[in-house]
Amino acid sequence: MTILVQISDLHIREHGKIAYGVLDTATYLDQTVKTLLRLPQAPDAVIVTGDLADSGSLDDYARVQHLLSRLNVPLYLMPGNHDDRANLRTAFPAHTYLGNSGFIQYTARVGELHVVALDTTEPGQEAGALCTERLDWLNSTLNALSGQPVIVAMHHPPFNTLIGHMDAIGLRAGTNELETLIARHPNVQRIICGHLHRAIETCFGGTLASICPAPAHQITFDLHPQAPATWILEPPAFRVHVWDAQSKRLISHLVPVGQFDGPHPFD
Ligand SMILES: [Fe+2]
Ligand SMILES: [Fe+2]
């Protein structure tokens with residue numbers, strides 16, 4: 001059994017500052033870390049699918065580093081539209097897989113799973129994109145992992161969610177090419193994403209594409225095309241993706257953050 005925990009969209013601000021003038025995202029991330037540390041099975045790794053920082057400053061990342069430092073398992077980071085590639089690399093020098101320049105794309109071996117992180121960010125833009133260079137890298141990477149269980153991780157989901165203001169800043173280029181590419185690699189067990197701050201999934205290229213909620217604020221559920229861009233403090237949660245070598249399936253759970261009454265025996 002291999003366990004990969006996915007958290008996403010931390011939106012941490014530097015010490016003394018709060019997000020949107022009202023939201024102390026650090027306190028919420030602290031609750032998520034505490035919940036992770038109470039899991040009955042320790043994960044083999046934790047991946048953060050982007051928007052680690054809210055402004056992308058070095059001071060933001062210093063706080064991210066401090067908050068995540070209690071997770072004593074391998075930690076994999078990737079950028080979202082709120083992140084800054086250079087500052088992310090500078091703040092996490094031990095994370096050599098982040099590379100020195102260009103896109104932040106890498107593969108990571110987590111137990112029996114291979115995680116392939118894809119960089120969908122476009123500096124200075126909220127929307128994401130996949131260009132030929134990134135898609136070519138993914139194609140050759142997946143070719144090399146043929147027949148082995150792969151999770152593709154990306155910040156911007158490759159599908160419209162029908163939450164209009166978020167789709168407007170979604171993946172604006174490369175989605176059709178990505179879907180064709182993924183369909184050629186049936187060993188891709190899952191595409192895991194962030195950006196939407198909600199639990200959403202759909203079929204994509206013959207696999208399941210799923211989005212992870214956030215530790216603090218969720219995007220308000222409203223499918224009206226002109227729904228205003230708002231967030232809401234619905235219960236936070238994270239994903240636990242479990243590779244079962246016996247059935248050769250990736251089983252994905254959604255686990256709420258917090259401490260709850262129970263467990264109680266059935267008999
Ligand atoms: Fe976000
Ligand atoms: Fe985002």
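Visitor: Is H155 buried or exposed?
Guide: H155 is found in the loop between β6 (150-154) and α5 (164-167); helices (H or I, at least four residues) and strands (E, at least two) are DSSP runs, numbered from the N terminus. A residue is called buried under 20% relative accessible area, exposed over 50%, and partly exposed in between (1.4 Å probe, protein chains only). The relative accessible area of H155 is 0%, so H155 is buried.

Visitor: Good to know! What pLDDT do local features need here?
Guide: Residues are numbered from 1 along each chain as its sequence is written, chains are lettered from A and ligands numbered from 1 in the order in which they are written, and side-chain values use heavy atoms, with hydrogens and water left out. This is a predicted model, where totals for chains, interfaces and linings use all residues, side-chain atom pairs count only at pLDDT 80 or more, and local features need pLDDT of at least 70.

Visitor: Which side chain makes a polar contact with the side chain of H155?
Guide: Setting aside residues up to four places away in sequence, H155 touches several residues, including D9, D51, N81 and H195; contact means heavy atoms within 4.5 Å. A polar contact is a pair of N or O atoms within 3.5 Å; within protein, one must be able to donate a hydrogen and the other to accept it, and residues adjacent in sequence count only if both atoms are side-chain atoms. At 3.0 Å, the partner of the H155 side chain is that of N81.

Visitor: Why is the arrangement around the iron ion (ligand 2) irregular?
Guide: Donors are N, O and S atoms within 2.8 Å of the metal (3.2 Å for Na, K and Ca); water is not among the atoms, so sites may look incomplete. Here the protein donors are D51 (OD), N81 (OD1), H155 (NE2) and H195 (ND1), 2.1 to 2.3 Å from the ion. Four donors count as tetrahedral if all angles lie between 85 and 135 degrees; four count as square planar and six as octahedral if opposite donors are over 155 degrees apart and all others between 65 and 115; anything else is irregular. The arrangement is irregular because the four donor atoms subtend angles of 89 to 161°.

Visitor: Which residue bridges the iron ion (ligand 1) and the iron ion (ligand 2)?
Guide: The protein donors of the iron ion (ligand 1) are D9 (OD), H11 (NE2), D51 (OD) and H197 (NE2), lying 2.0 to 2.3 Å away. That site is irregular too, with angles of 85 to 176° among its four donor atoms. The two iron ions lie 3.5 Å apart, bridged by D51.

Visitor: How many residues apart in sequence are the parts tied together by D51 and H197?
Guide: In sequence, the donor residues of the iron ion (ligand 1) are spaced D-x1-H-x39-D-x145-H. D51 lies in the loop between β2 (45-49) and α2 and H197 in the loop between β7 and β8, so the pair ties together parts whose sequence separation is 146 residues.

Visitor: And W243: how far from D51 is it in space, C-alpha to C-alpha?
Guide: W243 is found in strand β12 and is buried, with a relative accessible area of 6%. Beyond its neighbours within four places in sequence, the contacts of W243 include M1, E112, P149 and R249. W243 and D51 are 192 residues apart in sequence, and their C-alpha distance is 26 Å.
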